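The sequence and model are shown first.

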Amino acid sequence: MSMAVVGMVAGMALGFAGYFGGFGAFLLVAALGAVGLVVGRLLEGDLEPGDFFRSRERGDRRR
């Protein structure tokens with residue numbers, strides 16, 4: 001399935017949620033979609049759990 005089709009389906013789901021359920025349902029569907037994206041990336045191996053908890057190391061702002 002191409003990314004365009006996935007984006008279209010996600011947009012349609014958000015549109016239906018917003019139309020039939022209101023803004024709260026729209027936000028819920030968007031948040032669950034973001035969680036699903038992160039979990040999918042974790043399962044595919046594109047992300048690691050440590051990426052979310054590791055601090056950025058900058059030499060000039062280190063204290």
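Helices (H or I, at least four residues) and strands (E, at least two) are DSSP runs, numbered from the N terminus. V39 sits in helix α2. The model is predicted: local features need pLDDT of at least 70, side-chain atom pairs count only at pLDDT 80 or more, and totals for chains, interfaces and linings use all residues. Residues are numbered from 1 along each chain as its sequence is written, and side-chain values use heavy atoms, with hydrogens and water left out.

**Fold**
- The protein chain has three helices and zero strands, and its pattern along the sequence is α-α-α.
- Helix α1 covers residues 3-21 and contains M12.
- The C-alpha atoms of V39 and P49 are 9.9 Å apart in space, with the two residues 10 apart in sequence.

**Surface**
- Accessible areas come from the Shrake-Rupley method with a 1.4 Å probe; for residues, only the protein chains shown count as cover.
- The protein chain has an accessible surface of about 5700 Å², and carbon and sulfur atoms account for 64% of this surface.
- Of the 63 residues in the protein chain, 2% are buried (buried means under 20% relative accessible area, exposed over 50%, partly exposed in between; 1.4 Å probe, protein chains only).
- M12 is partly exposed because its relative accessible area is 43%.
- V39 falls in the partly exposed class too, because its relative accessibility is 41%.
- A nonpolar surface patch has about 1200 Å² of accessible area together, and its members include M1, V5, M12, F16 and F20.
- Patches are made of residues with over 30% relative accessible area and no salt bridge, with like charges joined within 9 Å and nonpolar side chains (Val, Leu, Ile, Met, Phe, Trp, Tyr) within 5 Å.
- A salt bridge is a side-chain nitrogen of Lys or Arg within 4 Å of a carboxyl oxygen of Asp or Glu.

**Largest pocket**
- A pocket is an open set of points on a 1 Å grid over the protein atoms alone, where a 1.4 Å probe fits, with protein on both sides within 12 Å along at least five of seven lines; lining residues have an atom within 4 Å of a point.
- The largest pocket has a volume of about 360 Å³.
- Its lining has 14 residues, with V6, A10, G33, G36 and L37 nearest the centre.
- Elements giving two or more residues to this lining are α1 and α2 (23-44), and α2 provides the largest share, nine residues.

How values were computed
Points joined across faces, edges and corners; volume = space filled by probe spheres on them.
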